[in-house]
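Q: Could you walk me through reading helix packing?

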Amino acid sequence: MTQPAVLLTNRLLLLYQSSIGKKLLTGITGLTLALFVTVHMLANLTLFFSPAAYNQFGHVVEQLWPLTYLIELVLALGVILHASLGIQIWRTKRRARREAYAVYLSAGQATENPSYQNLSSRSMVVSGIVLGVFLVWHLLTFKFGLRYAVSGTEMRDLARLVIETFQQPLYTVSYVTVFGLLALHLRHGLWSAWQSLGALNRHLRPLAYSLSLAMAVLLALGFGALPLAIYFGLLSQ
Ligand code: HEM
């Protein structure tokens, strides 16, 4: 390895090991994944216009090779880094809280800032783990699942796969439940990421807090609309 590469690797390792670096990397990877999730939700909505448009979109993305592989690599690394850092931060906080309890410090005594703690912030690890398990199931179902082809072409008929999948109650109920947990995760995650990047001050914080809630709800509704419409027969092939 050349000297600049060694220096860069050392700096990245130092960043990964420091607590401020962990928060920064969790924020950056979280926002990158949230951007993907937003684009994915909007792309899904094309199925409401026409199955052909949905399949065409999937096909165009597939044809973007090698860019597609690069995006997939960034996503895979992002998920792994985000999950492992998130668990490390959670464990450090839990240890610190136990020590704080040992000297009888209440939350009010421990901080002068108003608390932004809620169900969403307290369930980050649980919602994160469920989303991780969901992602494996999701990829096995859609990305590596049945390969229908649009007749007379080599194009994947993803629209047929999505429609057939959500005609089954197991998928629709599980997916809608997961979207609730996704909203819970993003409700705290989005706001907290901007906070970790140092982008918020006393004035911007309440705005970012409300925008995170709005964004989380919109994403869950946008994702949930498709399985529900298919399941209740409003959308078919
Ligand atoms: C109703 C909701 C959803 C539907 C219908 C849906 C559909 C799909 C389909 C059809 C694919 C395969 C695309 C292809 O192979 O070209 C896919 C891939 C993927 N989905 Fe979803 N998805 C949904 C929700 C989600 C959510 C909530 C997440 C993340 C939390 C997610 C993450 C992914 C990822 C990471 C991929 C792989 C992307 C790639 O490798 O290029 N999806 N999804």
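A: Helices (H or I, at least four residues) are DSSP runs, numbered from the N terminus. This is a predicted model, where local features need pLDDT of at least 70, side-chain atom pairs count only at pLDDT 80 or more, and totals for chains, interfaces and linings use all residues. Residues are numbered from 1 along each chain as its sequence is written.

Q: At what angle do the axes of α2 and α10 cross?
A: Two packed helices are described by the angle between their axes and the distance between the axes. Here the α2 and α10 axes cross at roughly 130° and come within 8 Å.

Q: Which residues of α2 and α10 make the contact?
A: Contact means C-beta atoms, placed from the backbone, within 7 Å. Among them are Gly27, Gly30 and Ala34 of α2, and Gly189 and Ala193 of α10.

Q: How do α10 and α11 pack?
A: Their axes lie 8 Å apart, at an angle of about 165°, so α10 and α11 are roughly antiparallel to each other.

Q: Which residues come nearest to the ligand?
A: A residue is near a molecule if its C-beta atom, placed from the backbone, lies within 6 Å of it. Of the 20 residues around the ligand, Gly58, Glu72, Phe142, Lys143 and Leu226 come nearest. α8 gives the largest share of that shell, six residues.

Notes:
Helices (H or I, at least four residues) and strands (E, at least two) are DSSP runs, numbered from the N terminus. Axes are lines fitted to C-alpha atoms, for helices over the stretch in contact, and angles run from 0 to 180 degrees between N-to-C directions. Angles under 35 degrees count as roughly parallel, over 145 as roughly antiparallel, 65 to 115 as roughly perpendicular and the rest as oblique. Two residues are in contact if their C-beta atoms, placed from the backbone, lie within 7 Å.
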